[in-house]
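Colleague: I would like to learn how to read salt bridges, strands and surface patches in a model of this kind. Could we take them one at a time?

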Amino acid sequence: MSYIRGAWPLLGGRSGVCRCLHRNQLSSSSSSVVLQSRCTDVFQNLALEDWIDANVDLQQRSVLLLWRNHPAVVIGRHQNPWTECDLTAVRRMGIPLARRRSGGGTVFHDLGNLNLTFFTSKKAYDRKRNLKVITDALRSTAPGLDVHATDRLDILLNGRYKISGTASRLSRKSSYHHCTLLHSADRSALSTVLRPSCPGIVSNATPSVPSPVANLLDHAPMLQWEELVDVLVRQYNTEFGFSAVSAFVDPADESAFPGISRAAAELRSWDWTFGKTPKFSVQTVLDLTDKESAVRSSAHLNMEVKHGFVNSCKLFVPDDWLPPHLSAALANALVGERFCRRRASVCVAAVVCDSGDLRGRLRRLSDAVLSVMS
Amino acid sequence: MAAVTRGSFTALRRLLTQQYRRRCFRPHGFRSERPLLLLSNNRCLQTLQCRTLHTTMVSRGPVVQFKLSDIGEGIMEVTVKEWYVKEGDRVSQFDSICEVQSDKASVTITSRYDGVIKKLYYDVDATALVGKPLVDIETESNSEVIQEEDVVETPAMAREEHTHQEIKGHKTQATPAVRRLAMENNIKLSEVVGTGKDGRILKEDILNFLAKQTGAILPPTPVHEIHTPGPAQVSAAARLASTSVAIKAPPTTTARAIFTGKDITEPLTGFHKAMVKTMTAALKIPHFGYCDEVDLSRLVTLREELKPAAGHRGVKLSYMPFFIKAVSLGLLHYPILNASMDEGCQNITYKASHNIGVAMDTSQGLLVPNLKNVQLLSVFDIALELNRLQVLGSKGQLGTSDLTGGTFTLSNIGSVSPLQTHLFM
């Protein structure tokens, strides 16, 4: 394996030796290159996937990309981040949240999880065959290991533990299929983070199907990371008849991958991560019980959120608890702002300040509303 | 024009299309052998070949039902997740129309025609059937209605980077005049940020992009990393100017990298100017005191791990190299902290180099030598340089170049409790 800045020599650079190699490889109908990302930043790696998909001619050759990230939550293209993960916990733990361009459900990445992306032309798109590479590779190195791919394109260990999930993306002429592979991930962090942020969300976003998971290392203790990578690359070559070389790449290198920083910046942006959430509504009951007097009271909240912004907000509060004009003012203050507690609290503070004697009650109402948002 | 493309795209373009590769071996083979008819969808190409003025008014053509094509794997239905167009929008061939999802696969459907969207057959979250109409497009009368997707795309793709760029999931709108300007300057439309309506690329955007390209000079990468160097930096100016591709020979010496970043000087105006006027002569530099506690346990662990490795290479690794590097990274976010003003406070100069000074108690008294271009150095390089300065400092041999040119200073009041001191920067 060699470290190269950018994939130039392998993807057809201009030096003498490489040119010959390039021409020879061109004459065969299919060839491939295996890339391993040096970077563990989820946004850079996702941007690298986009870059390869957009810039490499996949009609002539396929690419296999191997990568892993520091702890991160990755949601599917059409998912709702508020339902998929606990955003407050994620922020507190300093774990980034990313939305990928492929479909499917939410996953938790960490350094014990290997991601594989199979880039091919649309004609050569075959997810089952890609998963066969993984199951064959695992069985060859740990014979007797019970791993098989399901119809849902998961890989199950011992018939019940999920060790791999799949997602893919198809563009005009190219496609990529990526999947996770749990080698030695931190399962406790996973369960803390993958739970809904707020109650009462009603949406048509793609739901995630939770499954019990297991780490390969627990069931095949001799299978170290490097060996896993090696055996996967070898099986990839065997299955598809390639003689692909493997090389390291640095997705943070703008001169090797022009335009990649912009792609990564877009993936980091609020507009992509939250703004691409399909339209959803929040319908929930707010508990307004006075702690001191123990007088029970409640209100109904009905909010529509589109592109991550509050499109409409209605509060149904008993008239004797709070005059309608105040609850309407509070509701209106939220409209047009991001569905985000920090931003909303600024808008709401202005309304609460002006409310005079009923400030206490209005504050309790606004706190209850804000606790729904995260 | 095809034969003189330069820079890092050269190798990439070889991969991009077979057609392009064929053209490379035939320097005069600019004209395609295929009949002109098939290329007629590409307006810019028409303009280039026919040398006529292209107007945006086109006569209406037939309304075509654009059917949802086969997605593969025997999938017969998908869910429409997002529309990128609405009725009445103008689309070009290869523009993204919508995003559909099926069985964990997210698919971008792109237009096969140029024209105007007349009807959307599905709402968001509806189920669309493969082989059934997805949208109606009113095509232009002079464009061919393309039935065979594969036949048309190959020649058009060779022009793609010059005329119409599509990054998956985005459409780049631009008028033919703008596309021609981009093509003449070898600019990929996908790299230009459009500031017009719906992200449309305007002429100003192309001109701004050009200005940025000629002005910006990327610093070469530091020599300590062992790698085969990439081709010369991407810039329209470089591409136009150079006449031959040259791969830089791998550096064999450990000479310092030559930094060619430019300082940016601009006149001080408005708010800043007013602020400066109120400062008294004695306080030439604004003082800002801020105290904070930071949990460095992870840094402590990291340094313990790296100390032996650094020691083997003859470097004493303290915490300072980490802090110095952190400061430099911070200055990238807040360049104003790496700026200085001239005598009359008329202009503020944002320094391009991060020359970070470190206060040292030396035999010559308190001195502040600085480490040059920290933005280019790794933590290890910084430790090496810091050691060098410390050794020279203790011998009283710090030179003028070491003591001048500092842009930012870090003081380490190591022995005093951090809670009771201000770190002056």
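This is a predicted model: local features need pLDDT of at least 70, side-chain atom pairs count only at pLDDT 80 or more; totals for chains, interfaces and linings use all residues.

Colleague: Are A:Lys162 and A:Asp154 buried or exposed?

Modeller: A:Lys162 and A:Asp154 are both buried. Buried here means under 20% relative accessible area.

Colleague: How many salt bridges does a search of the whole structure find?

Modeller: Over all chains, the search finds 20 salt bridges. One of them joins the side chains of A:Arg101 and A:Asp50, at 2.8 Å from N to O.

Colleague: Which parts does the pair of A:Arg101 and A:Asp50 tie together?

Modeller: A:Arg101 lies in the loop between β5 (97-99) and β6 (107-109) of chain A, and A:Asp50 lies in helix α3 (residues 42-55) of chain A, so the pair ties together parts that are 51 residues apart in sequence. A:Arg101 has 9% relative accessibility and therefore counts as buried. A:Asp50, at 12%, also counts as buried.

Colleague: What salt bridge does B:Asp125 form?

Modeller: B:Asp125 pairs with B:Lys81, and their closest N and O atoms are 3.7 Å apart. This pair links distant parts of the chain, 44 residues apart: B:Asp125 is in the loop between β6 (115-120) and β7 (127-129) of chain B, while B:Lys81 is in strand β2 (residues 77-83) of chain B.

Colleague: Which residues are linked in a network of salt bridges?

Modeller: The network links A:Arg129, A:Lys132, A:Asp136, A:Arg139 and A:Glu239.

Colleague: Now strands. How do the side chains of a regular strand alternate?

Modeller: In a regular strand they alternate between the two faces of the sheet. Each face can then be checked for burial. For β2(A), one side carries A:Ser31, A:Val33, A:Leu35 and A:Ser37, the other A:Ser32, A:Val34 and A:Gln36, and all are buried.

Colleague: Why is strand β2 (residues 31-37) of chain A described as largely enclosed by the rest of the structure?

Modeller: Seven of its seven residues are buried, so the strand is largely enclosed.

Colleague: Which strand is joined to β2(A), and by how many bridges?

Modeller: Six bridges join β2(A) to strand β3 (residues 61-67) of chain A, and the two run parallel. Within this pairing, A:Leu35 stands opposite A:Leu65.

Colleague: How far apart are A:Asn237 and A:Ser31, in sequence and in space?

Modeller: They are 206 residues apart in sequence and 9.6 Å apart in space, from C-alpha to C-alpha. A:Asn237 is in helix α9 (residues 225-240) of chain A and, at 14% relative accessibility, counts as buried.

Colleague: Last, the surface. Which residues gather in a patch of positive charge?

Modeller: The patch gathers A:Arg91, A:Arg341, A:Arg342 and A:Arg343. Helix α13 (residues 341-353) of chain A gives its largest share, three residues. A:Arg341 is in that helix and is partly exposed, with a relative accessible area of 34%.

Colleague: Which residues make a nonpolar surface patch?

Modeller: B:Val294, B:Leu296, B:Val300 and B:Phe323 make a nonpolar patch of about 310 Å². Among them, B:Val300 is in helix α9 (residues 297-312) of chain B and counts as partly exposed at 35% relative accessibility.

Key:
Residues are numbered from 1 along each chain as its sequence is written. Chains are lettered from A and ligands numbered from 1 in the order in which they are written. Side-chain values use heavy atoms; hydrogens and water are left out. Patches are made of residues with over 30% relative accessible area and no salt bridge: like charges are joined within 9 Å, nonpolar side chains (Val, Leu, Ile, Met, Phe, Trp, Tyr) within 5 Å. Accessible areas come from the Shrake-Rupley method with a 1.4 Å probe; for residues, only the protein chains shown count as cover. A salt bridge is a side-chain nitrogen of Lys or Arg within 4 Å of a carboxyl oxygen of Asp or Glu. Lys and Arg count as positive and Asp and Glu as negative; His and the chain ends are not counted. The place of a charge is taken as NZ of Lys, CZ of Arg, CG of Asp or CD of Glu. Helices (H or I, at least four residues) and strands (E, at least two) are DSSP runs, numbered from the N terminus. Buried means under 20% relative accessible area, exposed over 50%, partly exposed in between (1.4 Å probe, protein chains only). Two strands pair if DSSP finds at least two bridges between them.
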